[in-house]
Structures are given as C-alpha cells and as structure tokens.
Amino acid sequence: MKKFYAGVVLNKEDLKDSNSNRIELEYYKISRKNRNNINKKMNVYGIEIIKKEYLGKRRYKERQNVHNLTNDESIIDKLLDLLKTHKVTPIGLNDIIEEVL
C-alpha cells in the first residue's frame, strides 16, 4: 500500500541555478504485510519520492523507491519528515537513507 505523506513545491525563486519553471516533490510511505515470520504478521515500511519537473511546456517525471526499510513506522515517519524538510529528490534518496540508518 502506498500512502501520500507530504508534498513540496519549488518555484522559480527557489530554482535560481535551474532552467526549470517549477518542481513538485511528493513523498510516500509504502507499507506491506511481512508474512515471512509465521508467528508475527507485521508491516514493513519503505519510501517513495516522485519528482515532477516543469521546463517550459514539458513535464518530466522521476521516481525512486526503497522497500522493506524497517518494521517501525515511527522511523519511517521521521525519515519522511527529514526528506521533506530538506527537499530531497529521488536521486538523493539512497544516499540519505544510508547516512541516517
């Protein structure tokens, strides 16, 4: 299951070193039941980031996801908040996860 967590919009004022008119970042929490352990059926969580970049009349879409990061939903929520606060794009997702976890 994928659930929208937060969105960030970067306008032309935020994109001084870019030709983009606008960038939209969407952060999602991914969850699924972990059925590997018969005694415990718990959720495992991951993250997905989608970037929509607008260059003139063109729109480009990029996405990155990481599944099965943790069983602790509070860790995913903190990580998603960190990604949102620092406006992390899909290309930086794996690096940030390695540093934080």
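Colleague: Where is N68 placed?
Modeller: N68 is in strand β4. Keep in mind that this is a predicted model.

Colleague: What is phi of N68 near?
Modeller: Phi of N68 is near 55 degrees. That is a positive value, and N68 is not a glycine. Most residues other than glycine have a negative phi.

Colleague: And how does N68 count for accessibility?
Modeller: N68 counts as partly exposed, because its relative accessibility is 46%.

Colleague: Which loop holds K87?
Modeller: K87 lies in the loop between α1 (73-85) and α2 (93-100). Phi is positive there too: about 55 degrees for K87, which is not a glycine.

Colleague: Why does K87 count as partly exposed?
Modeller: K87 has a relative accessible area of 41%. Buried would need under 20% and exposed over 50%, so K87 falls in between.

Colleague: Back to the strand. Where is H67 found?
Modeller: H67 is in strand β4, which covers residues 58-70. With 44% relative accessibility, H67 counts as partly exposed.

Colleague: What does H67 touch, leaving out residues up to four places away?
Modeller: H67 touches I30, Y45 and G46. Take G46: H67 and G46 are 21 residues apart in sequence. In space, their C-alpha atoms are 4.3 Å apart.

Colleague: V66 now. Buried or exposed?
Modeller: V66 is buried, at 14% relative accessibility. V66 is also found in strand β4.

Colleague: Which residues is V66 in contact with, beyond four places in sequence?
Modeller: V66 is in contact with G46, I47, L93, N94 and I97.

Colleague: How far are the C-alpha atoms of V66 and L93 from one another?
Modeller: They are separated by 8.3 Å. Along the chain, V66 and L93 are 27 residues apart.

Colleague: New topic. How many aromatic pairs does a search of the whole structure find?
Modeller: The search finds one. The rings belong to F4 and Y28, with centres 5.5 Å apart. Their planes are at 75 degrees, so the pair is edge-to-face.

Colleague: Which parts does that pair tie together?
Modeller: F4 lies in strand β1 (residues 2-11) and Y28 in strand β2 (residues 22-34). The pair therefore ties together parts 24 residues apart in sequence.

Colleague: How does F4 count for accessibility?
Modeller: F4 is partly exposed, at 45% relative accessibility. Y28 counts as buried, at 13%.

Colleague: What sits over the ring of Y28?
Modeller: The charged end of K2 does. The distance from the ring centre of Y28 is 4.6 Å.

Colleague: Zoom out. What pattern does the protein follow along the sequence?
Modeller: The pattern is β-β-β-β-α-α. In total there are two helices and four strands.

Colleague: What box do the C-alpha atoms fill?
Modeller: The box is roughly 55 × 25 × 20 Å, taken along the principal axes.

Colleague: How many of the residues count as buried?
Modeller: Of the 101 residues, 36% count as buried. The protein exposes about 6,800 Å². Carbon and sulfur atoms supply 45% of that area.

Colleague: What about contacts between residues at least 6 apart in sequence?
Modeller: Among those contacts, 52% join residues at least 24 apart.

Colleague: Last one. How many positive and negative charges are there?
Modeller: The protein has 21 positive and 15 negative charges.

Definitions and conventions: Residues numbered from 1 in each chain as written. Predicted model: local features only at pLDDT ≥ 70, side-chain atom pairs only at ≥ 80, totals over all residues. Heavy atoms only, no water. Buried < 20%, exposed > 50% of the residue type's maximum accessible area, 1.4 Å probe, protein only. Contact = heavy atoms within 4.5 Å. Areas by Shrake-Rupley, 256 points an atom, 1.4 Å probe, with all protein chains shown as cover. Lys, Arg positive; Asp, Glu negative; His and termini not counted. Charge placed at Lys NZ, Arg CZ, Asp CG, Glu CD. Phe/Tyr/Trp six-rings, centres within 6.5 Å; stacked < 30°, edge-to-face > 60°. Lys NZ or Arg CZ within 6 Å of the ring centre and 35° of its normal.
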